[in-house]
Protein chains: 2
Amino acid sequence: MVKKASTHWLSDAEQATWRHYVTVSTVVSRMLDRELKEQHELSSEDYGILAMLSEAPDHQLRFRELGAALRLPKPFLTYRFQRLEQQGLVERRECGTDGRGAFAAVTEAGFDAIEAAAPTHVAGVRRFIFDHLDDQEMHLLGELMAKISAGIDADVCPTTTATGAEECSDG
Amino acid sequence: MVKKASTHWLSDAEQATWRHYVTVSTVVSRMLDRELKEQHELSSEDYGILAMLSEAPDHQLRFRELGAALRLPKPFLTYRFQRLEQQGLVERRECGTDGRGAFAAVTEAGFDAIEAAAPTHVAGVRRFIFDHLDDQEMHLLGELMAKISAGIDADVCPTTTATGAEECSDG
DNA sequence: ATCATCTAGTTCGATTTCGAACAACTAGTT
DNA sequence: AACTAGTTGTTCGAAATCGAACTAGATGAT
């Protein structure tokens, strides 16, 4: 049975696109996770946390910002951060201006850890994604993802200026 | 510091592409999961299982095939299937020709369940992805994903004819 | 100042996730 | 037949995941 192009079904082309997308996102995330965990004892969320903090001013961010940027549910960030803390890769810092919150900061050891893990991560991203695309296709993919991402942001929280991803996520 | 286009780093464009990709795949999967679970008590893996079985000849597949097609780790499929069994949406059937294995099959109730859930799922896929793309972009995305998916298959299991996804996944 | 309301992060607990080891069977070899 | 190797699916257990409820502090209104 051929699907109609109505609102209630996916067209055959959409269906095919969706299936390929699901396959890719499933396999890529699982593979990267596995490699990172096996070789560096880090989940890809851990990697994201360390990377984000490493690039932030003073190597620190409010938990709220970190969670929003990485789209991590709050309890999950708390849990992941604790694990990293136990490994000495991150630390908490008081926030003078807001007694509720705290800063999440990456330590020297955390810096070393992410530098050590980066090649694995980069190699994985290359091997699973970019190696299969030429330069033009890579740029195209970037544009499509940017567009979808922006669309979702506008959709989910229409009030935001859509500069980054500071809002929503959960709460 | 500007990243070199060497093998060991991602170029700025690759970096940007990758980040958008991660955002999209994180948000989309979480949102779809949430909607499906809230409205129909199904995880998106459950949905995949039911959909795959519904389309299969005799509405049944070997566990191996089902798992390979959906890229689900074996113990995970066993677990998920049990849940669906308890809900009466799927059932096991003996496999005459191979005493080790069994067929996974969808029941009438399972059929009804997926028909009920499909509109939610389709609406979500539309809202999160296709609504933000025009027709040409949708086709483009499909091609890119197909290419990546095929590349990964060839990469991970170079022996396969790459017709489908019958091999690998885990063991 | 007091109260209601909002926000930041944490704690709890039920469920999910999945690698490793396993039991049951098949297939191929001698 | 007996033995080895490979496959199918399950069990086990440790860890991850995350909604809901919570504590503590900020913010705004009266």
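Select chain A. Chain A has 6 helices and 3 strands. Here helices (H or I, at least four residues) and strands (E, at least two) are DSSP runs, numbered from the N terminus. Along the sequence, chain A reads α-α-β-α-α-β-β-α-α. This is a predicted model: local features need pLDDT of at least 70, side-chain atom pairs count only at pLDDT 80 or more, and totals for chains, interfaces and linings use all residues. Residues are numbered from 1 along each chain as its sequence is written, while chains are lettered from A and ligands numbered from 1 in the order in which they are written.

Keep all of chain A selected. Of its 171 residues, 33% count as buried. A residue is buried if 20 or more other C-beta atoms lie within 10 Å of its own, exposed if 12 or fewer, and partly exposed in between, with C-beta atoms placed from the backbone. Now think about contacts. Two residues are in contact if their C-beta atoms, placed from the backbone, lie within 7 Å. Among contacts in chain A with a separation of 6 or more, 49% join residues 24 or more positions apart.

**Stop 1: two helices of chain A**

Select residues 12-40 of chain A, helix α1, and residues 108-128 of chain A, helix α5. Their axes come within 10 Å and cross at roughly 155 degrees. Axes are lines fitted to C-alpha atoms, for helices over the stretch in contact, and angles run from 0 to 180 degrees between N-to-C directions. How does α1(A) run relative to α5(A), roughly parallel or roughly antiparallel? The crossing angle makes α1(A) roughly antiparallel to α5(A). The cut-offs are under 35 degrees for roughly parallel, over 145 for roughly antiparallel, 65 to 115 for roughly perpendicular, and oblique for the rest.

Next, show the residues where the helices meet. On α1(A), they include Val28(A), Met31(A), Leu32(A) and Glu35(A). On α5(A), they include Ala116(A), Ala117(A), Thr120(A) and Phe128(A). The residues of this contact divide into 7 nonpolar, 5 polar and 1 charged. In this scheme Ala, Val, Leu, Ile, Met, Phe, Trp, Tyr, Cys and Pro count as nonpolar, Asp, Glu, Lys and Arg as charged, and the others, Gly among them, as polar.

**Stop 2: where chain A touches chain B**

The contact takes 43 residues from chain A and 43 residues from chain B. On the chain A side, α1, α5 and α6 (135-156) each supply at least two residues. Which helix gives the largest share of the side of chain A that touches chain B? Select α6(A), which supplies 15 residues. By class, this side of chain A has 24 nonpolar, 12 polar and 7 charged residues.

Zoom in on Thr17(A), in helix α1 of chain A. Is Thr17(A) buried or exposed? Thr17(A) is buried, because 25 other C-beta atoms lie within 10 Å. Not counting residues up to four places away in sequence, Thr17(A) touches Met138(B), Leu141(B), Gly142(B) and Met145(B). Thr17(A) and Gln82(A) are 65 residues apart in sequence and 39 Å apart in space, C-alpha to C-alpha.

**Stop 3: the DNA strands**

Select DNA strand C. A residue counts as near a molecule or strand if its C-beta atom, placed from the backbone, lies within 6 Å of it. The largest share of the surface near DNA strand C, 4 residues, comes from α4(B). By class, that surface has 7 nonpolar, 4 polar and 11 charged residues.

Switch to DNA strand D. It is surrounded by 22 residues, the closest being Pro75(A), Gly99(A), Arg64(B), Pro75(B) and Gly101(B). Here α4(A) gives the most, with 4 residues. The surface near DNA strand D has 7 nonpolar, 4 polar and 11 charged residues.

**Stop 4: two residues of chain B**

Select Gly96(B), in the loop between β2 (90-94) and β3 (102-106) of chain B. Gly96(B) is exposed, because it has 7 other C-beta atoms within 10 Å.

Finish at Ser54(B), in helix α2 (residues 44-55) of chain B. Ser54(B) counts as partly exposed, with 15 C-beta neighbours inside 10 Å. Not counting residues up to four places away in sequence, Ser54(B) touches His59(B), Val106(B), Phe111(B) and Ile114(B). Ser54(B) and Gly110(B) are 56 residues apart along the chain, yet their C-alpha atoms are separated by 8.5 Å.
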